[in-house]
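Subject: Structure handover

Hello,

Here is the structure I said I would pass on. My notes on it follow below.

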Amino acid sequence: MKRYFFLFSFFALFIAKSQAQVGEPYIHDPSTIAECEGKYYTFGTGGGGLISEDGWSWHSGAERPGGGAAPDALKIGDRYLIIYGATGGGLGGGHNGRILTMWNKTLDPKSPDFKYTEAIEVCSSDGMEDQDAIDPGLLLDPTTGRLWACYGTYFGTIRLIELDPNTGERVKGNKELDIAIDCEATDLIYRDGWYYLLGTHGTCCDGVNSTYNIVVGRSKSVTGPYIDNVGRDMFHGGGKMVIAAGDRVCGPGHFGRTIIDEGVEIMSCHYEADFERSGRSVLGIRPLLWRNGWPVAGDRFKDGTFEIESERRGYALELAVDFVRMQQERQGWFNRQQMQQPAKPVPNQTLDEVKGSWPAGDIAVRCGDYMFRPHQRWTVTAVPEKGGYLGGPYYKITIEGTERALAATANKEVTTVPAYSGADEQLWRIEQLTDGTFRIMPKVIPGQEGLNTKFVLYSAADSTPTLAVYDLNSDNSKWNFRYH
């Protein structure tokens with residue numbers, strides 16, 4: 001968390017184009033999102049943090065003693081380890097900082113088990129060396145069980161230390177390692193044999209003028225060296241871009257990774273300024289994609305009218321109605337005189353031209369060749385008042401120009417009902433997978449208790465959509481949204 005000597009302070013509405021969450025998602029330097037007893041938590045600079053019941057709408061209420069800056073949170077066993085910087089970052093005019101850890105059995109401040117242990121110092125900086133003990137990030141290595149913390153700012157190096165995963169203390173005799181420069185607010189993650197160092201580059205704490213962005217390097221060893229996509233060592237200023245400003249939010253920093261399901265991941269951060277919210281610092285959640293072994297932020301899904309295309313074959317989801325031919329004077333080599341006339345656009349078939357032939361009740365769905373026809377064009381609209389999930393609101397999916405809505409049935413099939421009623425089986429969770437495709441999941445299945453987290457829209461055959469158990473390794477589970 002960079003601070004300049006001339007800076008003296010830090011700098012429930014649904015915004016369709018905003019990348020930030022709804023409610024009051026105001027936070028700076030958020031920790032990686034942690035789940036506890038069905039709720040989501042993230043902690044920020046200055047103490048406290050945010051809570052969400054569903055992962056989409058956020059409000060204040062998380063509690064963290066000690067104040068300080070830029071915490072991180074990690075569940076280890078049945079406890080939560082919190083790490084944070086007590087000072088440093090130029091706060092108070094210097095870079096003499098301390099990093100501390102503490103434990104809690106729960107993150108719910110209303111629980112009788114809610115009690116933090118006494119904070120333990122694990123490292124420090126004296127303000128004279130080229131190092132700044134602030135902005136820590138945690139990694140519990142899934143291959144070894146060893147616990148690591150990275151920390152530091154632009155003022156000197158990014159360092160790596162090892163902690164004891166049972167106590168949160170510094171491993172006795174552990175010597176810190178310098179692994180990067182020219183970044184801050186670092187985090188470590190592991191995937192498929194690679195360790196990734198995510199660092200925040202650019203300037204912060206200047207509202208809409210902040211240039212923060214997140215970059216990455218990778219290594220086969222947790223101790224580095226961390227090399228970017230063109231061979232530059234992060235110890236010499238390298239780093240591949242993960243996320244930068246866009247969509248009227250700027251200054252993304254403080255990366256966190258959350259795995260929701262196999263092939264379903266999100267990244268959290270803050271945006272230094274949301275242009276739709278007075279330029280305030282807000283929590284951001286984006287899909288996390290993996291391209292050629294590198295993490296990159298996906299785009300939040302936005303409302304629109306689309307072809308919904310099966311990854312299995314490339315066919316389009318459509319109403320199971322009769323195909324209505326379009327009338328057209330034949331064009332071609334066999335009518336040379338006609339070919340001398342100016343070309344003109346052929347208008348699309350309209351809803352009014354075909355809807356009279358559609359049944360009045362429920363209409364089944366199928367997949368077929370996409371032909372720009374009304375029975376193949378789906379309008380996807382967020383329904384924020386119906387809540388959401390970690391990273392997005394629920395959506396209704398209707399035929400363009402109508403209220404005919406896609407719905408799940410009790411026998412795990414899909415159909416369309418004549419009009420959207422707001423019933424939970426007509427609401428859909430749309431998540432971008434790590435390969436860039438999407439899974440489409442009904443909020444509930446009629447007759448089954450609780451939210452559906454298992455069954456997705458599934459192409460059982462080239463032309464047969466249904467609901468089936470999500471399988472990342474099968475293209476039957478995957479869809480694309482094409483804008484035409």
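In what order do the four strands of the open sheet stand, and is their pairing parallel or antiparallel? The order is E10-E11-E12-E13, and the pairing is antiparallel. Strand E10 (137–140) and strand E13 (177–180) each have a single partner strand and stand at the edges, so one side of each has no neighbour in the sheet. On average, neighbouring strands of this sheet are turned by 30 degrees against each other, direction ignored. Strands here are DSSP runs of at least two residues, marked E and numbered from the N terminus; two of them pair if DSSP finds at least two bridges between them.

Before the rest, a word on the source. This is a predicted model, in which local features need pLDDT of at least 70 and side-chain atom pairs count only at pLDDT 80 or more, while totals for chains, interfaces and linings use all residues. Residues are numbered from 1 along each chain as its sequence is written, and side-chain values use heavy atoms, with hydrogens and water left out.

Back to the sheet: E10 pairs with strand E11 (residues 147–151) in the antiparallel sense over four bridges, and leucine 140 has leucine 147 in E11 as its bridge partner.

Salt bridges

The whole structure holds 28 salt bridges, each being a side-chain nitrogen of Lys or Arg within 4 Å of a carboxyl oxygen of Asp or Glu. One of them joins arginine 146 and glutamate 162 (2.8 Å, N to O). This pair links distant parts of the chain, 16 residues apart: arginine 146 is in the loop between E10 and E11, and glutamate 162 is in strand E12 (residues 158–163). Glutamate 162 is buried, with a relative accessible area of 11%, whereas arginine 146 is partly exposed at 40%. For these words, buried means under 20% relative accessible area, exposed over 50%, and partly exposed in between (1.4 Å probe, protein chains only).

Arginine 159 and glutamate 176 form another salt bridge, with their closest N and O atoms 3.9 Å apart. Arginine 159 lies in strand E12 and glutamate 176 in the loop between E12 and E13, 17 residues apart. Arginine 159 is buried at 12%, and glutamate 176 is partly exposed at 24%. Both belong to a network of salt bridges that links Glu129, Arg159, Arg170, Lys175, Glu176 and Asp178.

The loop between E16 and E17

Aspartate 233 is found in the loop between strand E16 (213–219) and strand E17 (240–243). A polar atom of the aspartate 233 side chain lies 2.8 Å from the backbone nitrogen of phenylalanine 235. Leaving aside neighbours within four places in sequence, aspartate 233 is in contact (heavy atoms within 4.5 Å) with Pro225, Tyr226, Ile227 and Gly238. Proline 225 is in the loop between E16 and E17 as well, and the peptide bond from glycine 224 to proline 225 is cis, with omega near 5 degrees.

Backbone angles

Most residues other than glycine have a negative phi. Alanine 70, in strand E6 (residues 69–76), has a positive phi of about 50 degrees and is buried at 1%. Aspartate 182 has a positive phi of about 60 degrees and is partly exposed at 33%.

Regards

Note on methods: A polar contact is a pair of N or O atoms within 3.5 Å; within protein, one must be able to donate a hydrogen and the other to accept it, and residues adjacent in sequence count only if both atoms are side-chain atoms. Axes are lines fitted to C-alpha atoms, for helices over the stretch in contact, and angles run from 0 to 180 degrees between N-to-C directions.
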